[in-house]
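Please look over the model below before reading on. My comments follow as numbered points.

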Amino acid sequence: MAEDIKAKLERYKTAPFDSRFPNQNQTRNCWQNYLDFHRCEKAMAAKGADASPCQWYYRVYKSLCPTSWVSD
């Protein structure tokens, strides 16, 4: 399974279509992926597992959200 995730991350270009957010305004999609990323990291840390699967959410919200919102 980890190999599948790593392969998907390598091929990743931008956020895929999400049918929950069909409109042009992707603000909610940005916010949902931001929350999912942090929830995923918290859950993986609690289990003591590798948080690399959470990077998918990170990349999606970084590509959807305006740069000024996600500056590090």
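1. **Basis.** This is a predicted model, in which local features need pLDDT of at least 70, side-chain atom pairs count only at pLDDT 80 or more, and totals for chains, interfaces and linings use all residues. Residues are numbered from 1 along each chain as its sequence is written, and side-chain values use heavy atoms, with hydrogens and water left out.

2. **Fold.** The protein chain has 3 helices and 0 strands. Along the sequence the pattern reads α-α-α. Helices (H or I, at least four residues) and strands (E, at least two) are DSSP runs, numbered from the N terminus. The C-alpha atoms fill a box of roughly 35 × 25 × 25 Å, taken along the principal axes.

3. **Contacts and burial.** Take contacts between residues at least 6 apart in sequence: 54% of them join residues at least 24 apart. A contact means heavy atoms within 4.5 Å. Of the 72 residues in the protein chain, 24% are buried. Buried means under 20% relative accessible area, exposed over 50%, and partly exposed in between (1.4 Å probe, protein chains only).

4. **Surface and charge.** The protein chain exposes about 5600 Å², and carbon and sulfur atoms supply 53% of that area. Areas come from the Shrake-Rupley method with a 1.4 Å probe; for residues, only the protein chains shown count as cover. There are 11 positive and 8 negative side chains, and the centres of the two sets lie 5 Å apart. Lys and Arg count as positive, Asp and Glu as negative; His and the chain ends are not counted. Each charge is placed at NZ of Lys, CZ of Arg, CG of Asp or CD of Glu.

5. **First charged pair.** The structure holds 2 salt bridges. The term means a side-chain nitrogen of Lys or Arg within 4 Å of a carboxyl oxygen of Asp or Glu. One joins arginine 20 to aspartate 18, at 2.7 Å from N to O. Is arginine 20 buried or exposed? Arginine 20 is exposed, at 52% relative accessibility. Aspartate 18 is buried, at 17%.

6. Arginine 39 bridges to aspartate 36, with the closest N and O atoms 3.8 Å apart. Both lie in helix α2 (residues 27-47), 3 residues apart, about one turn of the helix. Arginine 39 is exposed, with a relative accessible area of 51%. Aspartate 36 is buried, at 16%.

7. The structure holds 6 aromatic pairs. Tryptophan 31 and tyrosine 34 are stacked because their ring centres lie 5.6 Å apart and their planes meet at 20 degrees. Rings of Phe, Tyr and Trp (its six-membered ring) pair if their centres lie within 6.5 Å; planes under 30 degrees apart count as stacked, over 60 as edge-to-face and the rest as tilted. Tryptophan 31 and tyrosine 34 sit 3 residues apart in helix α2, about one turn. Tyrosine 34 is partly exposed, at 32%.

8. **Aromatic pair in helix α3.** Tyrosine 58 and tyrosine 61 form an edge-to-face pair, 5.5 Å centre to centre with 85 degrees between the planes. They are 3 residues apart in helix α3 (residues 55-64), so about one helical turn separates them. Tyrosine 58 is partly exposed, at 24%. Tyrosine 61 is buried, at 7%.

9. **Cluster.** Which residues form one aromatic cluster? They are Trp31, Tyr34, Phe37, Tyr58 and Tyr61.
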